[in-house]
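Hello,

Here is the structure I promised to pass on. Please have a look at it, and then read on for what turned up.

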Amino acid sequence: MIFGGKKRKLKGISSSEISSGRLSFETLESRVLLSTLVFDEDPSSAVKRSTAFELDDSGLTVIESEIDYRNDKDCYVFTADRSGLLSISMEAADSGRGSSLDSMLFAYDSTGKKIASNDDVYYRDTNSQVEFYVESGLNYYVKADGYKDSIGSYRITIESPEEGEPLWEDSDYSNKIKTAYNIDELSDEYGNVSIEAGIYPAKDKDYFTFTVPETASYSITVSAEGSPLDSIVSVYDVNRKQIAKNDDIDSSNSDSSVEISAEQGDVIYIKTNGWKRSLGTYVLTIDNLDVVSEDESTVDTGDTGSESDSGVSSDDSSGSNIQGVFDEDSDATGWLLSITISDYNGSINDLDGPIVDAQLISEVFTDYYSVPQENVYQITSEETVDYDAMDRGFEWLAENAGPNDYVFVYYSGHGYAGRSTYVNDNEGLLLPDNYVVYQDDLENWLNQIDTDANKVVMIDSCFAGGLAELADNVSNTLYIGSAGHDQYAWDEVRAYYPSVEYRGGGIFANWIEYGILSGNADSNDNGFVSLLEAYNYADLNINFETGTGRNNQDPVINSSISVDSILLLG
């Protein structure tokens, strides 16, 4: 599972704030080994209060600590002493009692923008590793975390750049096919090529163009040995039509490789990128298979070059229903934060519907709009639902969602009407401890997410319409509320459901789910139900079913999002 993408302003760290950690050295077989970097207190869990330390002059710095409890995080800051490619690895460490930590590692630049993250180095390896380019004299932040509930001790090893190593800008390649970098001069007479490159920053792409020197079968491989990059390779013909693509060579190898048949003079384009937000260095090689076969006295007559047999990985989460919005070439994926509260103070205030609402809406976004299951974060009444829990949920979104991604936030629970239902500027969400989350709180959380990410906020509560203005204050946001600012939202009423085959839950969630999964909301008959179509369908039917007066429920919509979104407008 790969993670990436966050934008937050962090405070600078002065040299006087650097911790006086103790370092000792011993020489073994001409290598310098560093002992544990010791801090007087447990490292801070907040990035903005990161524990500072100095990199060692040897180029290797080692830190040992522990993720002590669920949701514990250790945050550090250091100043780069050299420019170039820096590597950080995090592994579970044995501190006398062993460690079951499934580590997660995040890195941020001096402005607070996340520049690298990793969960698993590769398949079935729960350690973490990141690589990113640093500039001497600038601060960089590192956050150590455990996946889900895993805890335990860990060891972080930081390998500073080699002296004189080039910056990323000096060796980056074009991210557009029309300006692809020509690698013809790197080829020998048979068409064998090898070139070192890197994917940086997150969602970077490298395009290369190559003229085939002789008719033959060729393998094109992107190898990231020693790097956290989970590579993807794609090949296009001269008309820029894709002819081959691969994510993982097999279930245990995240490198990528394809085979194609090409004739002398053919021009091909090669694209390399990282799955989701993985990044790191790699080696791109082109091998003439016919030459290799002759050298080994074998003849390879196998069929090559088709995408169907190139081992396309199941990591592609497009799901086909959303017409390519979330496929790998679109550089977009979806993230869902679901907040549902049924258990309030005093049983008379409890709600029956929200748990079912969460199931219905989650199925919509995962089964139909193809949000990957691992990209779903749920906060429910089965755990402590408070402001801090919601803050962690939105922080998770901010850490992971990138500029082209879709962020979905769904809330089902009690709404807060403020002093008067005739005023729509003081509504909010009511938490079990009677704490109110106001529009300002939601806006602050949403503004932590990448500015260019597409944000969809669905509030399923009474008086939800009073929060609609947040779409005016947060860029690229679609807001959908289940009721007007002075209206109740119906929880469970059999007569208002769209079908006799109901599972319970609120009226709004049922009509949204039914309109999408039945296809009845597809007003333009294109075979795809967009969110706007789903809203219009639910609005019309809920208004009809609930009638007028006290029972009436009118969903509300407001948007600052781009009108060309396929997912939203179809």
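Four salt bridges were counted, where a salt bridge is a side-chain nitrogen of Lys or Arg within 4 Å of a carboxyl oxygen of Asp or Glu. Before the details, please note that this is a predicted model: local features need pLDDT of at least 70 and side-chain atom pairs count only at pLDDT 80 or more, while totals for chains, interfaces and linings use all residues. Residues are numbered from 1 along each chain as its sequence is written, and side-chain values use heavy atoms, with hydrogens and water left out.

Side chains of opposite charge can pair when their charged atoms come close. Here, E64, E91 and R155 are linked in a network of salt bridges. R155 pairs with E64, with 2.8 Å between the closest N and O atoms. Because R155 sits in strand 11 (residues 152–159) and E64 in strand 4 (residues 60–67), this pair ties together parts that are 91 residues apart in sequence. R155 also forms a salt bridge with E91, where the closest N and O atoms are 3.2 Å apart. E91 belongs to strand 6 (residues 84–92), so this pair with R155 in strand 11 joins parts 64 residues apart in sequence. Helices (H or I, at least four residues) and strands (E, at least two) are DSSP runs, numbered from the N terminus.

How exposed are these residues? R155 is partly exposed at 26% relative accessibility, E64 is partly exposed at 27%, and E91 is partly exposed at 35%. The cut-offs are under 20% relative accessible area for buried, over 50% for exposed, and partly exposed in between (1.4 Å probe, protein chains only).

Another salt bridge joins K143 and E399, with the closest N and O atoms 1.8 Å apart. K143 is in strand 10 (residues 139–146) and E399 in helix 4 (residues 387–400), so the pair ties together parts that are 256 residues apart in sequence. Both K143 and E399 are buried.

On the surface, D343, D350, D352 and E492 gather in a patch of negative charge. Such patches are made of residues with over 30% relative accessible area and no salt bridge, with like charges joined within 9 Å. D352 lies in the loop between strand 21 (334–340) and helix 3 (354–368), and D352 is exposed, with a relative accessible area of 59%.

Helix 3 has 15 residues and reaches 20 Å from its first C-alpha to its last, close to the 21 Å expected at 1.5 Å a residue; the expected span is 1.5 Å times one less than the number of residues. Because 11 of its 15 residues are buried, helix 3 is largely enclosed by the rest of the structure. Among the buried residues are P354, D357, F365 and Y368.

Helix 8 (residues 531–546) has 16 residues and spans 22 Å from first C-alpha to last, close to the 22 Å expected. Its buried residues include L531, E533, Y535 and N541.

Finally, L289 is found in helix 2 (residues 289–295) and is buried, with a relative accessible area of 14%.

Best wishes

Methods. Patches are made of residues with over 30% relative accessible area and no salt bridge: like charges are joined within 9 Å, nonpolar side chains (Val, Leu, Ile, Met, Phe, Trp, Tyr) within 5 Å. Accessible areas come from the Shrake-Rupley method with a 1.4 Å probe; for residues, only the protein chains shown count as cover. Lys and Arg count as positive and Asp and Glu as negative; His and the chain ends are not counted. The place of a charge is taken as NZ of Lys, CZ of Arg, CG of Asp or CD of Glu.
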